[in-house]
Amino acid sequence: MTRRGNPLLPYMLIFPTLFFVLIFTVYPTISSLIGSLFQHRLNIPRFRDPVFYGLGNYIDLFTSGQFRMILGNTLRYVVTVVPLWVVTALFLALWLSRPRFARLRVAMFHPTMLPMVSAATVWMFFLTPDYGLLNEFLRFFGYSGPENWVSNPSLSLWALVFVAFWKDAGFYMIFYLAGVQNLPNDVYEALKLEGAGPLVTFFRFTLPLLRRTTLFVTTVAVIGAFRIVDHVFIMTQGGPSGHSTLLLYHLWRVRFDSLNVGQSSAITVILILMLLAFTVTNFLISERRHTDA
Amino acid sequence: MPRFMMITALIALVAVGAFAGGQTEATEDQPVTIRIAYPVAVDAPVTEILDGYAEEFMAENPNVQVETVYAGGYEDVKTTIQTTIDGGGDAPALGVMLATDLFDLANAQYIEPMTPYVDAMENSEAYLDDFLPAFLSNSYYMDELWSLPFQRSAVVMYYNADLLAESGHGVPTDWETLGETASDLTERDGDTVTRWGIEWPSGWPYWLFQPLAIGAGQNIVGESDTEVYFDEPEVIAAIEYYNSLSTEYGAMPEGVQASWGNVVPNFVSGNTAMIIHSSGSLSNVLSQADFEVGVTGIPGPDGGSFSVPGGGNLYMTTGLSEAQKQAAFDFAVFITEPSRAADFSIQTGYIATRESALADDAMQAYISENPQAGQTRDVLATAGKELAVQNLGEVRNIFHSHLQSAINGDMAPSEAMAEAQRAADEALADFR
């Protein structure tokens, strides 16, 4: 009996996955990269067939004040909503991991199950100027400040952050719940015997033990923050004056409203690079800490 | 043996996945299927109406199968058609998209000219002459006819006639009386406003703003498809007047108002005395308001009544078979027939697109019962041109962004419009 198998078998086994990764990830990435080097604008007859443009699309983008503002909006959005998600998800998971809170977990998770379009529409109703529920609620406490949440240039981005936070915090909680429930019980029993306080337990044990989960959650959350765009369509359309335009919404507009295929490819490449830079840094930092420990 | 089976199964699986996309081509003698993409974000039961028309058409033309595809708004229909054609798929044969999208759609070869089909009609000239010129003028480009007016509207001002009568005001005729009337009709309870004199949505503002600029003496768009006039003194005066309705008269909420969906409910419940909106909301307004509703154009600084047309046309997409093209055109003609144009207008509040539809018995009966339906049509008599230029998406976005800055007070109106003009000229340079 020989243990030598068919040498093709491993390749056959990864083939289905590889096939889809090539078709849906590698091919579009390469095609965007190439496309971004061309002036390709469907609504201008002479650029309807791509014309080589070098780094022109990137230069056009980075010299545009509007695009720099959109990058700024996107960064502010991501660095606000991701920590909100991760920290809230962690505390919800720690709080709700006990079996008697099982029903509350469902309550916390339910916004995740709503389609973003419905959730944003419901929030539009809450955020209505004048008689919206949020304004009524704030008025109850005697507040009568800015009331026009989605059309106020300094509030519209935060209205988007808030709705995204409300919607997906429960989603990231699920990952932490799985992590928390896998924590070794004996360690905590030992800590109790040693008389360790809750702060020491949390910062010296729980948090480091959940590092792998945190790495996963932050990565997924950052990608999620860049990816969610439905609420922009429903709530602000990027307005007023572009103050709540996020990168992906802008990408849609450049591609389908301005029919500028080359520039939209360049935005795609910028988006991929930003995500790649973050993911790689996140892994490197986390892995180094892992080997240090 | 199990390994062999597994490999076979894997190969089979991949093969099925790879070839499942292939489709068989329809042959000549098979019935023709056409699909029509339609935006449902309208204040009327459009799915029922459209499905009804499709049924009627199929009863008359048993060889044609009409399928309706419903999408959210005009943008969604456009995106559906663009992505399908870009991806090499079968796009819906007909789509209802904004009349102003013409240049971009035609340049990008998403749509097919209808001229050959109209020319082949027995009464082609009479057919085209019957459409209201304000609507049909949007359909021509490069000496071709590209679309048929279908779901057309105009900017109008709805007013609560009972409130005006109670307060002793007539219908506002110029900027000053509009401001004063709106101011008088605004009611406050301490700091809280319980009724606004006027609401004028500005979340997607160019359309509702245009009549103000036209009234002031300068439309923001010129006759050619590459001219815009954003930084003219009249346009700036129009912005200043818009702002004064809140800052001076205290009759309108301050700043940009993304209130398109809210103002009709506010108006019909009596919480707002006058609103600027689409004539397409007429049926909805009339069915819900328990007071006398008046409809008029937007007054100019020294009188007059101004408006712009809007709404969607029927476009035929590219990549159809000859049989599909003919069926799609026949269906487009079928649903624009006078009796159906009248029926559609009565059921939705959109303006009947043809003279003969307005003369239709049912339409006349409806107008005598609801004179407002006739008033929306009268508004069109003095309507200017809707913003329709090359590279529309970008130019419109530039205008929106700067107009909103001027409304929110981030920039002075003159400064914002100078910047908008510069950016728009740049965006149009490639087309001149």
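**Figure 1. Helix H8 of chain A is hardly covered.** In this predicted model, H8(A) runs through residues 185-194. How many of its 10 residues are buried? The count is zero.

**Figure 2. Two helices of chain B pack against each other.** Here you're looking at H11(B), residues 233-247, and H20(B), residues 413-429. Angles over 145 degrees would count as roughly antiparallel and 65 to 115 as roughly perpendicular, so H11(B) and H20(B) end up as oblique to each other. The crossing of this pair is right-handed. Which residues meet here? H11(B) brings B:Val235, B:Ile236, B:Ile239 and B:Glu240, while H20(B) brings B:Pro413, B:Ser414 and B:Met417. Sort the residues of this contact by class and you get five nonpolar, one polar and one charged.

**Figure 3. Chain A and chain B touch.** Chain A puts 27 residues into the contact, and chain B puts in 30. On chain A's side, the elements giving two or more residues are helix H1 (9-35) and helix H12 (247-257). H1(A) supplies the largest share of that side, with four residues. By class, the side of chain A that touches chain B has 13 nonpolar, 12 polar and two charged residues.

**Figure 4. A look inside the largest nonpolar core.** In soluble globular proteins, nonpolar side chains tend to be buried together. The largest core here has 191 residues. Which of them touch the most other members? That would be A:Ala89 and A:Tyr176. Skip the neighbours within four places in sequence, and A:Ala89 is in contact with A:Ala169, A:Tyr172, A:Met173, A:Tyr176 and A:Val217.

**Figure 5. A:Ser241 has a positive phi without being a glycine.** Most residues other than glycine have a negative phi. For A:Ser241, though, phi is about 50 degrees. This serine sits in the loop between helix H11 (230-236) and H12 of chain A. Is A:Ser241 buried or exposed? It has 25 C-beta neighbours inside 10 Å, so A:Ser241 counts as buried, the cut-off being 20 or more.

**Figure 6. B:Asp143 has a positive phi and is not a glycine.** Its phi is about 60 degrees. Where is B:Asp143 found? Look in the loop between strand S4 (140-141) and strand S5 (144-145) of chain B. With 7 other C-beta atoms within 10 Å, B:Asp143 is exposed, because that label goes to residues with 12 or fewer.

Note on methods:
Residues are numbered from 1 along each chain as its sequence is written. Chains are lettered from A and ligands numbered from 1 in the order in which they are written. This is a predicted model: local features need pLDDT of at least 70, side-chain atom pairs count only at pLDDT 80 or more; totals for chains, interfaces and linings use all residues. Axes are lines fitted to C-alpha atoms, for helices over the stretch in contact, and angles run from 0 to 180 degrees between N-to-C directions. Angles under 35 degrees count as roughly parallel, over 145 as roughly antiparallel, 65 to 115 as roughly perpendicular and the rest as oblique. A crossing is left-handed if the near helix is turned anticlockwise from the far one by less than a right angle, and right-handed if clockwise. Two residues are in contact if their C-beta atoms, placed from the backbone, lie within 7 Å. Ala, Val, Leu, Ile, Met, Phe, Trp, Tyr, Cys and Pro count as nonpolar, Asp, Glu, Lys and Arg as charged, and the others, Gly among them, as polar. A nonpolar core is a set of buried Ala, Val, Leu, Ile, Met, Phe, Trp, Tyr and Cys residues joined through C-beta atoms within 7 Å.
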